[in-house]
Amino acid sequence: MKRFKKAIAVMLSMILLFAFEMTANASENTEATSNQAIKVESDIQLTTVNEDVIKRLTRADKPDSVTSSVYVMQENLNFKTPETTSLKRESISSLKASPMAASATASSATYSGTITQEGGTQFLYPIYLQPGELLQSQLDGPFSAQLDYDLYLYEFDMTTGDINPNAIDASTYGTYFNNYEQGAASLPENVGTRNAAGYEKAYAIAVHAKKGSSINDPFYLTVDTSSSYDAYEPDESAFHAYNFTFSTGGSSLNSRSIHSGIDNDWYQVTIPASRNYDALNVKLDSVSDGYGYKAEVYGALTGNQMVLLPQTNHNVSLNTGTYYVRVYTTNQFSADHSYALTLKPVLRAGKVVITGYDSSKNGPNDYPTYSYGRHYRVNGSSSFTVKGVVTTTDNYPVANAPVDVTWLNQNWTESSGNRTRTGTAYTDQNGVFSVTVSLPPSTGSIAEYLSGAISFTHYFDLSGVAAQVRGTSNIATDVVYHFAYSIYGG
Ligand SMILES: [Ca+2]
Ligand SMILES: [Ca+2]
């Protein structure tokens, strides 16, 4: 008799599971889940992964995907015959220093110019830099996909009036139009240097028409000198990106500032083939957000064309490879404000486990062993809470994962309105979810006689629970006794 009941139990369980997958999982591939064992308990060892803070940055060695003539200067610029003797000074100054930054000496100017033939160069010099000062320059435009201009930085010999032909910095992206909030544009070219000598030095900036030229499409050259900046400057282009290594729980950096309107800080991230995430959450602190700072992620195509990757709620989908994160401002800047840049992997849900239940009538510990096995028991017309955890395959908790919970009592017909109950919850930072539904009465389809000093007969149904991570094949199922009533003797 007992063996028979067990067989029925197994069969019912299978039926329940099958019904579930028809109900809760109709659109998903159920093959992987149909063999899932029914079990209540699970001992998941969660790895505690707190966000860590990066204390020190290391300069990326020559980046793999961005190849640059910074390292091998091969452009043969003609130093003797600049196209025109002067560039036109513009008064385009949409960026403003935060009031807090007013203490440091800083100056900024924007010039415009054109280049009449491919291979031509426009120079701006001399630019003087006092000991310890930082020089930054940005080239915007020309705003044409057919043109490709680059930016070079040289030392200028004040005694001879000659430019030292070995560039000390260069920015040589290929033209690629991205959609920015401010409009479509190719990533600007940025260079920078710090005067580490104990005396005044002079510099020259060159705009070089690498591909095409136009007398109608001007370029804009902004030059900025500052005496107050963070210790990692200059790092004005992806060619000088610092390595940013993040842990599974995310990593943040808060030791840097955007000290000028054209300050660009660059980080390199490497996405390995073996990983438990498909996207990266890229975020700045709220003060930086308020200043108009942006943290953008770029991929590099051939020819150093920099492609801005789309963000959804600060999440950027990434494949295996190398990417570049750019921090800059679109409005205010301040040498006194350290921005917090946080990179956090959006972990991939690998499994879901039901860890326990609760009910207003039964509490969390009501696990009778009827002849169908030891299962949680929930009374009819009671609240019913399903608790669980979503992790990666390597047991890291997955936060913000949507979990759909379905409860099914197949003794009720569809038209009764009592057959299913559903609820949804998002996992918390520990990957934990909790879904509460209100259950209908039990039909009491099963009677089990419990002999003892005082004998009872319990009436209940077998019901089932499924918890599924939405949009995935990760599903956990279980059997729960749906209790009706008990009578003395029987
Ligand atoms: Ca370029
Ligand atoms: Ca910088």
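I note first that pLDDT is the predictor's confidence in each residue, from 0 to 100, and that a contact means heavy atoms within 4.5 Å. This is a predicted model, in which local features need pLDDT of at least 70 and side-chain atom pairs count only at pLDDT 80 or more, while totals for chains, interfaces and linings use all residues. Residues are numbered from 1 along each chain as its sequence is written, chains are lettered from A and ligands numbered from 1 in the order in which they are written, and side-chain values use heavy atoms, with hydrogens and water left out.

Confidence. I find an average pLDDT of 84 for the protein chain, with 79% of the residues at 70 or above. Residues 22-49 have pLDDT below 50, and the model gives this stretch 57 contacts beyond near neighbours in sequence. Residues 62-85 also stay under 50, with 55 contacts beyond four places in sequence.

Fold. I count 3 helices and 35 strands in the protein chain (DSSP runs, H or I of at least four residues for helices, E of at least two for strands, numbered from the N terminus). Of its 490 residues, 51% are buried (under 20% relative accessible area, 1.4 Å probe, protein chains only; exposed is over 50%, partly exposed in between).

Metal site. Which protein donors does the calcium ion (ligand 1) have? I list Asp-148 (OD), Tyr-149 (O), Asp-150 (OD), Tyr-173 (O) and Glu-189 (OE), at 2.1 to 2.5 Å. Donors are N, O and S atoms within 2.8 Å of the metal (3.2 Å for Na, K and Ca); water is not among the atoms, so sites may look incomplete. Asp-150 and Glu-189 are both buried.
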